[in-house]
Structure formats: structure tokens, C-alpha cells
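User: Hi! Could you help me read this model?
Analyst: Happy to, let's bring it up.

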Amino acid sequence: MIINLDEPNYHYDRFRKVTEDLAKQYDSILKCVTIGESHDNRDILLLKLGLGKKYIICCGGVHARETINPVVLLRIVEYYADLYINYRQKRLNLKKKLTSPNVHLKEEYEQMLYDACIYELLQTYTILLVPLLNPDGYMIAQYGFDSIRDPKLRDLCIGKDYDPTEWKENARGIDINRNFPSQFWSKKFEGDYPASENETKALIRLFQEYPSLGFLDFHSRGKSIYYYRNRMPEHYNKRQLDIANRLCEITGYELVPPEEEIDPGDTGGNTVHYYSEYFHKPALTIETVEDEANFPLMDQYRNTTFKELKLLISEFGSMLLFRSD
Ligand SMILES: [Zn+2]
């Protein structure tokens, strides 16, 4: 196993190394490329998992302090890739066992059905995963402002005068999840404009380059799923609700009601709003980790989050295949 969920803090350099190691280990099914560079010159990596011509886009690490999801998402990629690679051999072994059944056969058969689903999924889809959209922020939240190498950016961050472990923004102090050109976006200060940030541009380019069927953005605030998009028509939100209900069922997360979609005073510009308005495909925000969790998030959250999420992406893919607008 390359991704060890119990390993203490993954420094960006280590994160990058294991991401590239995954791509090497599973090179027949997994590719790693760079889709942009952060303002403090860290590469924003994209993993392409699968052989299919249909695409799902997943993103993590938009908010700096939400440090659990990027590592968990890598582990999910490894989990799926491993199932895929071993599927044919396992199926052969199971066939042999059918002639001499043993007591574990039922369990093995059920696991095989799940493996078959993943195998089919990755034949049909390519999952485009940006595990860490905001690498500079991720470093600030875990290693403090000294991790920012550009002295001007470092001073700018220090000047914001708040605890780095609570940091949500990028190295220019901009919240990327308030920087997308959605209809609801509003200016927060003089000179503020949508898609001003390298990280925002990188994700928009990815959205535009691949005609995807759906988008999941992973955050960490209270084990819940946001589905409602107030600028979208009723039939869009009905489909969103169907998907969200199913994903809540398999994760145990709570459905966020429409009236709580946007907090009072929110300035808009979220990834999911932009995606839904421009591409009219399902876009959900998955919030991991309980509401009371303190920052910095404990590494122990990774194991529970992995268990909660490991079926979610494959289920999302299946739902997109069997339902259409
Ligand atoms: Zn967030």
C-alpha cells in the first residue's frame, strides 16, 4: 500500500511523491499530470483514473485547513485502482473455487460483485481527481506561514493576522471557493474579480477541457451533503436531491436543506455553483468530518472518512449512468 492513512502530516513534497508513486504503480489505469501552478509555485496535480470516455470530476483541498480529504481521496484512488488491476485474477480464482466450494464463498462472491462494479465503472469512466487544489493553503494550515517561499506572499498572509491552522484561503489570502464566476458572485474588496486565482483558473480549464457528467467537491464541515442550487431550475434540483439522498444513505451523512444552501452574507462564487450553472450537470458538495472537529484536523479522521467515502464516488458514477436529464 502506498497511501498510509496513519502517516502523520503529509507535507506537500511527500504528498506529491506518493501521488506520482500511485501513477507509476498503476500505470495501466492511472495517469498523473499537472494542470496549473499555485501562486507560490506548487504544481496542482490531476489524477486520471480509468479508461472510459465519460468523465466525472472530483476535487479536494479547496479550503486550506480541510487537510483530511486530499489524503483520503488518494487512498480511494489506490483502492479503486487496486480492485481494477486484480479483478481478472480474482475472478479466475473464484471460478476455480466454484468446483470445490468452501464456507467463505458467499462473502467472496459478494466482494466479487462489488469489484466487478468498480471494474465496469473504470472501463466506462475516467475519474478526473484533483486531490489538492490549494497546495499553498494546505502548507500554511499545517506548517505555518514560513512554508510560503515568496516573501511578498508570506508578508501578505502574516498581515491577515489570524491563526494559520484556521486558514482557508490560498497564498494570496483569497478563498478559492468564493472566486468562481457564478451568477451569485459578489465583490468583496476593491480589485476583487472572479477567477482571479491560479487555482480557480486551473479547475475551470479542467471543467472546460473534459465534457464531464458530474462534479463532486469535497470539504470538511459536519458530515453533510449540499445539493440545492438556487439559480437552477426545479428539475435540476430534483435530480440533485435524488443523488444526494442516495449518497447520504451510503455515507450516513445528513442532507442540507435548501434554505441552508447559502449562509447569510455569503458572497457566492463556489465551485459547485459555477459548475451547475455552466454545465447543467450534477454538482454536489460533500462535507466530511463532524461539525465540532477542531483545526488542525486530527489525522485519525482519515480512516473514518475513507470508510464513509470509499463507495461514494463509484455510486455517484453509477447513478449518472442510469439517470439522464
Ligand atoms: Zn470547505
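**Strands and helices**

User: Which residue stands opposite Gly50?
Analyst: Thr126 in β4 stands opposite Gly50. Strands here are DSSP E runs of at least two residues, helices H or I runs of at least four, numbered from the N terminus. Residues count from 1 along each chain as its sequence is written. The model is predicted: local features need pLDDT of at least 70 and side-chain atom pairs 80 or more, while totals for chains, interfaces and linings use all residues.

User: How many bridges join β2 to β4?
Analyst: Four, between β2 (residues 43-50) and β4 (residues 125-130), and the two strands run antiparallel. Strands pair if DSSP finds at least two bridges between them.

User: And what is the strand order in the open sheet?
Analyst: The eight strands go β1-β2-β4-β3-β5-β8-β6-β7, with mixed pairing. β1 (30-37) and β7 (254-255) each have a single partner strand, so one side of each lacks a neighbour in the sheet.

User: At what angle do α2 and α3 pack?
Analyst: α2 (residues 68-98) packs on α3 at about 135 degrees, with the axes 9 Å apart.

Note on methods. Axes fitted to C-alpha atoms, helices over the stretch in contact; angles between N-to-C directions.
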